[in-house]
Amino acid sequence: MKLLVCGGAGFIGSAFVRRRLAATDDTVVVLDKLTYAGNLANLTDVEAEHGPSGRYRFAHGDIADPEVVDELVVGGDTDAVVNFAAESHVDRSILDAEAFLRTGVLGVHVLLEATRRLAEARNGAGRRPRFLQVSTDEVYGSVPEGKALETDPLAPQSPYSAAKAAGELLVQAYRSTHGLDIVMTRGANTYGPRQHPEKLVPLFVTNALQGFQLPLYGDGLQRRDWLHVDDHADAVGIVLDAGEGGGIYNVPGTGERTNLELTETILRLLDQPRSLIRRVEDRPGHDRRYAMDGGQIATLGWQHAVGFDDGLAGTVAWYRDNEAWWHPLLDGDWRAYYDRQYGRRLAESVDA
Ligand code: NAD
Ligand code: TYD
């Protein structure tokens, strides 16, 4: 297949590209805007291995730019569009939601329009292009007990998850209205190598490595179900190949933990004192718990390959050994964000 992978320079997208090129004969074009979260260093090995044979190419651009997208989707005679592109951090969506809506709604619309034009150009002859939207468990909102099913109502609580839910609804509307072949995944909280240091696991690992405090929101008893990035990437691949048209697939993690338990495990793995943990003012609208049922994706043959203990230990070791990857990300913009998000919180923090 010829794939267009949008947002392929980010954390999960780059893992998908790396693993897909290794496991198949597909060709991959990555379209990425290279926002603060996009990082060409995530694809250096991919470029070196698959660039020369022509199986991999990088295109710098915005999914909300119809000219760029049309040229790649229609001009490239793409077999599938796999969309990872999004603004992905809840805290930033609370500070300023505009870019979340621009990419998550208008950008998704541009991708869908181009896919529709390609389907029409093929006019029934040849393969139908497939559109895979990578979404999130956060569209269900907080799940106080039990596990969310794909048929449950959407109840997003943050501007990030509201933008993701809006993108999903648009994707479904293009199936109903224009007959597009669409599939979607809803992944759990993902961790692993090459995640931007703004997210919980890499933030706490890199802070602990530098001897900095770990700002834990509220009582730290919020629960998340952690999924390794390689498992997430492989789930997207399986849904792309075998998902039923119109299908939505939860991609759960390997088990729930409170943020406090996770933080204590990270500190143990790094042999750092518990006194680094600081309880800070909570995130507004903070979802207490995410949990999903994975029965649907299991029918496609997907299961976890990475257990949480091994996955977390490997991730912590990766950050310890790859300071050259993360240290350049802690630039002036990062410090400005960090001060805005954590400056007052840490000044007013208490012992955990
Ligand atoms: P990320 O922030 O690491 O990567 C996002 C990528 O998209 C970056 O490379 C960025 O440059 C690119 N991008 C952003 N706006 C763009 C635009 N307008 N045009 C082109 N490229 C653009 O995010 P991630 O953690 O890899 O998440 C990927 C996807 O998976 C997102 O859609 C996210 O909602 C979803 N998801 C993430 C998680 C998680 O825990 N990280 C869990 C479930 C679902
Ligand atoms: P995050 O990695 O931002 O993912 P999400 O908000 O998509 O679940 O946060 C994971 C959990 O960790 C979430 O409950 C918020 C919490 N958290 C903190 O307590 N402190 C922090 O500095 C961050 C970034 C997150």
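Helices here are DSSP runs of at least four residues, numbered from the N terminus. Keep in mind that this is a predicted model.

Start by selecting residues 200–209, which form helix 7. Of its 10 residues, 8 are buried, so helix 7 is largely enclosed by the rest of the structure. Colour the buried ones: Val201, Pro202, Leu203, Phe204, Val205, Thr206, Asn207 and Ala208. Now show what covers them, including strand 8 (214–217), helix 9 (259–270) and helix 13 (332–347). Then step just past the end of helix 7 to Gly211, which has a positive phi of about 75°.

Next, bring up the open sheet of 7 strands, paired in parallel and ordered 3-2-1-4-5-6-11. Strand 3 (56–60) and strand 11 (248–251) are at the edges with a single partner strand each, so one side of each has no neighbour in the sheet. On average, neighbouring strands are turned by 20° against each other, direction ignored.

Zoom in on strand 1 (residues 2–6) and strand 4 (residues 80–83), a parallel pair with 4 bridges. Here Leu4 sits opposite Val81 of strand 4. Helix 8 (residues 229–242) packs on the sheet, and its direction makes about 145° with that of strand 5. Helix 5 also lies across strand 1, strand 4 and strand 5 (130–136), at about 160° to strand 5.

Show the contact residues, among them Phe100 and Leu112 of helix 5 and Tyr160 and Leu170 of helix 6. By class, this contact has 11 nonpolar, 4 polar and 2 charged residues.

Terms used:
Residues numbered from 1 in each chain as written. Chains lettered and ligands numbered in written order. Predicted model: local features only at pLDDT ≥ 70, side-chain atom pairs only at ≥ 80, totals over all residues. Heavy atoms only, no water. Contact = heavy atoms within 4.5 Å. Helix = DSSP H or I, 4+ residues; strand = E, 2+ residues; numbered from the N terminus. Nonpolar A, V, L, I, M, F, W, Y, C, P; charged D, E, K, R; others polar. Buried < 20%, exposed > 50% of the residue type's maximum accessible area, 1.4 Å probe, protein only. Pairing = 2+ DSSP bridges. Axes fitted to C-alpha atoms, helices over the stretch in contact; angles between N-to-C directions.
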